[in-house]
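This report describes one protein model, starting from a single residue and moving on to a helix pair and a sheet. The sequence and the model come next.

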Amino acid sequence: MNDAQFKEFCRIFEDIFTKNGISEYDTPENRQKFATLAEYLIEENQKYNLTALCSMDKIIPLHFADCVVAAKYIPAGAKVLDLGCGGGFPTLPLAIVRPDIAVCGLDSTAKKLGFINSAAQKLGIFNVTTLTGRAEELVCDRRESFDIVISRAVARLNVLAELCLPFVQVGGKFIALKGSAGEDELAEAQKGIVMLGGSVKSTDKYDIFTCGGAEKRLNIIIDKQSPTPIAYPRQFGAIKKKPL
Ligand code: SAH
């Protein structure tokens, strides 16, 4: 990125982070890191499909700010799992702005995790690890072992809860980052969440401001109150066919 491109990046970054109430994370060091990440994402996206959003005015609001907003739900020093992290969202933005937490990105697609690991190396951040495979298979030796499980754009909540809640330790939280369909998804998933040992603590409804517009968000915060029965998660076919 040349000087003019970096200047333009900073202009959009400052505007979007201010509008979305996250300017505490707009530091010179973070600007450098996010600019490097944006450039690397665009470059690697030409080789393989990491994201549909590939211009700065989309990446900054819809990947960076959208994920950084969720930093406020995460307690200091937490061990976090991002289930279905894809090309690193929210894994990478959270790891950049919260050096106090440890973020593990889990995804079934190895090449996306390859991108995350090389991006973390490029950025000089050391609080990111990755896990390759399907969540419902990887859970067996990692049950109830994370303080926070977070997930964006992976599945409807009634499917997602069965994948995520088994990983959360009792006393921890499952955070589902949702869009305008969040309320309907929550109504449909309520019964299953309770069966899995969860309890809906709160929902956070707001607009994420983009370049020239806004999109609806509903983040759902679920407390893990009791251990998930060992019968869950079922195999993916069964989860999908008959969500709880
Ligand atoms: N969270 C990212 C990616 C969303 S795309 C973002 O918001 O940009 C959904 C991702 O979830 C894909 O990369 C897919 O491989 C992964 N995924 C879906 N079901 C999964 C499962 N059961 N186990 C592991 N990864 C899964």
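## Lysine 112

The model discussed here is a predicted one. K112 is part of helix α5, which covers residues 110–123. Is this lysine buried, partly exposed or exposed? Its relative accessible area is 21%. Because buried residues are those under 20% and exposed ones those over 50%, K112 counts as partly exposed.

Leaving aside residues up to four places away in sequence, K112 touches N49, L50, G86 and G87. I150 is 38 residues from K112 along the chain, and the C-alpha atoms of the two are separated by 18 Å.

## Helices α1 and α3

Helix α1 spans residues 3–19 and helix α3 spans residues 56–68. Their axes come within 10 Å and cross at roughly 40°. An angle under 35 degrees would count as roughly parallel, and one from 65 to 115 as roughly perpendicular; α1 and α3 are therefore oblique to each other. The crossing of the two helices is right-handed.

Which residues of α1 and α3 meet? From α1 they are F9, I12, F13, I16 and F17. From α3 they are M56, D57, I60, P61, F64, A65 and V68. Sorted by class, the contact between α1 and α3 has 11 nonpolar residues, 1 charged residue and no polar ones.

## The sheet

An open sheet is formed by 7 strands with mixed pairing. The strand order is β3-β2-β1-β4-β5-β7-β6. At the edges stand β3 (128–132) and β6 (198–209); each has a single partner strand, so one side of each is left without a neighbour in the sheet. On average, and with direction ignored, neighbouring strands of this sheet are turned by 20° against each other.

The partner of β6 is β7, residues 214–224. These two strands run antiparallel and are joined by 11 bridges. In one of them, D207 has K216 of β7 as its bridge partner.

## Helices on the sheet

Helix α7 (residues 157–164) packs on the sheet.

Helix α8, residues 182–195, lies across β5, β6 and β7. Relative to β6, helix α8 runs at about 165°.

Methods: Residues numbered from 1 in each chain as written. Predicted model: local features only at pLDDT ≥ 70, side-chain atom pairs only at ≥ 80, totals over all residues. Heavy atoms only, no water. Pairing = 2+ DSSP bridges. Helix = DSSP H or I, 4+ residues; strand = E, 2+ residues; numbered from the N terminus. Axes fitted to C-alpha atoms, helices over the stretch in contact; angles between N-to-C directions. Contact = heavy atoms within 4.5 Å. Parallel < 35°, antiparallel > 145°, perpendicular 65-115°, else oblique. Left-handed = near helix turned anticlockwise from the far one by under 90°. Nonpolar A, V, L, I, M, F, W, Y, C, P; charged D, E, K, R; others polar. Buried < 20%, exposed > 50% of the residue type's maximum accessible area, 1.4 Å probe, protein only.
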